[in-house]
Amino acid sequence: MEGNSSDLEYGARDMNGLSLNSYSSGLQAQLQRDLDRQHLLSDRPRAGIYENVVAEGIEGMEHQERYERLLQRAQVEDLNEVSGIGCLYQSGVDRLGRPVIVFCGKWFPAQSIDLEKALLYLIKLLDPIVKGDYVIAYFHTLTSTNNYPSLHWLREVYSVLPYKYKKNLKAFYIVHPTFWTKMMTWWFTTFMAPAIKAKVHSLPGVEHLYSAITKDQLEIPAYITEYDMATNGLHYFNPVPTAS
């Protein structure tokens, strides 16, 4: 699926980004404004590189400690307020046996939900899963501005999640994207999360997922399939058969 570019819509590409935390000061803040990592590293004196590595190491330790505290809270706090919404859950496995995490944007009340508890529920659900490979299917179907969390919060979530979340994420599918979604995805993966940029795929319809996830393993709300049929019709996509 990931190698079949004819079935996937990709956003703008071919720019290299730096993944540096926005709360870093001094040298790190300056480096964040330059997109060409290789050029920067080749021009910087060795002492400066060493100082930067040390700073990132300390910052990484701080993030790990914070994650451990959040994980402990996630295990004991009452998160029914978030889990009851049903916007984030595991839905079977893909064709390679990797867990599939479904996120329904329309059901995420970003403007009224306790975002701290939303982060705790995300950690509680994903922590045991991300120890191995996994994929995410995000459905942007019928979302509105009330469903969009702030970029500040997204950046905070991405920075606090450990490396295993990025490393073991093998595909992030965005179904029914809009122009806004594509632009924001390109911006976020270019400037804030370049480590997952090649793993993000925008798909115009649900059936495009069937190359990677069988229909019986994809459990999604009825409003998504109804919208998909109204927009794309019936059986609009046939996966290219692969050689056995």
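Me: Let's begin with a term: buried means under 20% relative accessible area, exposed means over 50%, and partly exposed lies in between (1.4 Å probe, protein chains only). Is threonine 185 buried or exposed?

Reply: This is a predicted model, where local features need pLDDT of at least 70, side-chain atom pairs count only at pLDDT 80 or more, and totals for chains, interfaces and linings use all residues. Residues are numbered from 1 along each chain as its sequence is written, and side-chain values use heavy atoms, leaving out hydrogens and water. Threonine 185 has 18% relative accessibility, which is under the 20% limit, so threonine 185 counts as buried.

Me: Which residues does threonine 185 touch, not counting those up to four places away in sequence?

Reply: Threonine 185 is found in helix α8; helices (H or I, at least four residues) and strands (E, at least two) are DSSP runs, numbered from the N terminus. Contact means heavy atoms within 4.5 Å. With residues up to four places away set aside, threonine 185 touches Ile174 and Val200.

Me: How many helices and strands does the protein chain have?

Reply: From the N terminus on, the elements run α-α-α-α-β-β-α-β-α-α-β-α-β-α. The secondary structure comes to nine helices and five strands.

Me: What share of the contacts between residues at least 6 apart in sequence joins residues at least 24 apart?

Reply: Of the 244 residues of the protein chain, 43% count as buried. Among contacts between residues at least 6 apart in sequence, the share that joins residues at least 24 apart is 80%.

Me: On to the rings: how many aromatic pairs are there?

Reply: Rings of Phe, Tyr and Trp (its six-membered ring) pair if their centres lie within 6.5 Å; planes under 30 degrees apart count as stacked, over 60 as edge-to-face and the rest as tilted. By this rule the count of aromatic pairs is nine.

Me: How is the pair of phenylalanine 108 and tryptophan 153 arranged?

Reply: The two ring centres are 6.2 Å apart, with 25° between the planes. An angle under 30 degrees counts as stacked, so this pair is stacked.

Me: How many residues apart in sequence are the parts that this pair ties together?

Reply: Phenylalanine 108 counts as buried at 5% relative accessibility, and tryptophan 153 counts as buried at 17%. Phenylalanine 108 lies in the loop between β2 (99-104) and α5 (115-126), while tryptophan 153 lies in helix α6 (residues 151-160), so the separation in sequence is 45 residues.

Me: At what angle do α5 and α6 pack?

Reply: Two packed helices are described by the angle between their axes and the distance between the axes. Axes are lines fitted to C-alpha atoms, for helices over the stretch in contact, with angles from 0 to 180 degrees between N-to-C directions. In the meeting of α5 and α6, Leu115, Ala118, Leu119 and Leu122 face Trp153, Val157 and Val160. The axes lie 12 Å apart, and the packing angle is about 35°.

Me: How far is lysine 166 from the ring centre of tyrosine 158?

Reply: A charge sits over a ring if NZ of Lys or CZ of Arg is within 6 Å of the ring centre and within 35 degrees of the ring normal. One such case is lysine 106 over tyrosine 223, at 5.2 Å. For lysine 166 over the face of tyrosine 158, the distance is 4.6 Å.
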